[in-house]
Amino acid sequence: MTRSPTVKRTKDGKTTPSRIPQGELFLLDSPLYGEIRGERSLMAFPFFALSKNAWMKPLSYQTDTVTIEVRPSASGVATIYDKEIVLYIASLMAAKLEAGEDVAQDFVFTAHDLFSVTGSNHSARSYGRLSEALERLQGTQIKTNIEAGGEGEEGFFSWLSEAKLHYNKTRAGERRLKAVKVRLCDWLFRAILLDRHVLDYAAAYFQLGPIERRIYEVARSTGDGDGFEIDLATFRLQIGYQNPLANFRAALRQIAGADTIPDYRLELIETVSDPDAVVDTAKRGRKSNPVKVVITRRPALLAESAPVIGPPTESVREGGRESVRDLDFRIASRDRQRPIRIRHRELILESTNLHRN
């Protein structure tokens, strides 16, 4: 892929002026430095379909305080995998705000950086899926009473009010994707800019399946991220699971057994019926006992996994991980084989400690 000139960006998020070659129409906001971030409302509530394929049915969610209605376009409702693009854009915006830069609703980035951040491969099929995802994000219609930036909206909006793929042609006449240009919707732009309820995501999020992703998001955004208890039926609605409750229960049992949710443990607790209660023998079939979902935050990963080599040079931010990506250390957890990523800004080891007699 032909690489376009970008704004020179240091790892602390600062930018320096960059010359624009002849014929260059815009500068890029990518690559992304820092963590993947998400707006809290998008984490807590089911705005996206839990499907890899086109979901053509409307989605709805309603409680005493929150209502959400999602309508599909001709290509379907935006899916949990399409949401990766929204998270990437939100992360670009959050990085700009942290760096003290001005932000606008238009973002320009390379598909290569998007794929690198989200762990997607760089195949031709991925570029085709990107085009389909942008179409769904622009076509899906959302209506909600959740306020953003102190303002509410009547009527429907789309995640992206504009989405374009910019190409150039090689001498052989082949099209090469140069950049992706999108315009973020007013609702989400206000939420990130004014509310600042932005939380970071675990790097392993992009390796999870649809239900596991939603479980992680709900856990991360609820109860200050320390865990909570909820009944199975209510949890199903908040996850956005569309199949019967019995199927959801079976799926959660499998997920709890696999224990792959980053930073959180999932447990299903069945409330045993009162053995002294009168049983109506006239009714056939066995009635399932009520089930409670319990989500708890895992203990500090560093303490569980390995001895502390030395303190980080700056305080750990919310979520238990550093916001910089200067050094990556992968270590194996003692109680799980899944690799855990620990980030420090700087690690200094004196040579005398490395070469002991």
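1. Helices H7 and H8 are roughly perpendicular to each other, a label that covers angles of 65 to 115 degrees, with under 35 degrees counting as roughly parallel, over 145 as roughly antiparallel and the rest as oblique. The axes of H7 (residues 232-239) and H8 (residues 245-258) cross at roughly 85° and come within 10 Å. Axes are lines fitted to C-alpha atoms, for helices over the stretch in contact, and angles run from 0 to 180 degrees between N-to-C directions. On the H7 side the contact (heavy atoms within 4.5 Å) is made by Leu-232, Ala-233, Phe-235, Arg-236 and Ile-239, and on the H8 side by Leu-245, Phe-248, Arg-249 and Leu-252. Seven of the residues in this contact are nonpolar, none polar and two charged. Here Ala, Val, Leu, Ile, Met, Phe, Trp, Tyr, Cys and Pro count as nonpolar, Asp, Glu, Lys and Arg as charged, and the others, Gly among them, as polar.

2. On provenance, this is a predicted model in which local features need pLDDT of at least 70 and side-chain atom pairs count only at pLDDT 80 or more, while totals for chains, interfaces and linings use all residues. Residues are numbered from 1 along each chain as its sequence is written, and side-chain values use heavy atoms, with hydrogens and water left out.

3. H2 and H3 are also treated as a packed pair: their axes lie 11 Å apart at an angle of about 100°, and the two helices are therefore roughly perpendicular to each other. Glu-84, Ile-85 and Tyr-88 of H2 meet Asp-113, Leu-114, Val-117 and Thr-118 of H3. The residues of this contact comprise four nonpolar, one polar and two charged. Helices (H or I, at least four residues) and strands (E, at least two) are DSSP runs, numbered from the N terminus.

4. His-166 stands opposite Ala-179 in E9, and Tyr-167 opposite Leu-177. Five residues lie between the strands of this hairpin, where Gly-173 takes a positive phi near 90°.

5. The other open sheet to note has the order E4-E5-E7, again with antiparallel pairing. E4 (59-62) and E7 (141-144) are the edge strands, each with a single partner, so one side of each is left without a neighbour in the sheet. Four bridges pair E4 with E5 (residues 67-71), and Leu-59 has Val-70 in E5 as its bridge partner.

6. The second largest pocket has a volume of about 570 Å³. A pocket is an open set of points on a 1 Å grid over the protein atoms alone, where a 1.4 Å probe fits, with protein on both sides within 12 Å along at least five of seven lines; lining residues have an atom within 4 Å of a point. Grid points are joined across faces, edges and corners, and the volume is the space filled by probe spheres set on the points. Of its 24 lining residues, Tyr-81, Asp-82, Glu-84, Ser-120 and Arg-129 lie nearest the centre. H4 gives the largest share of the lining, seven residues.

Technical notes:
Two strands pair if DSSP finds at least two bridges between them.
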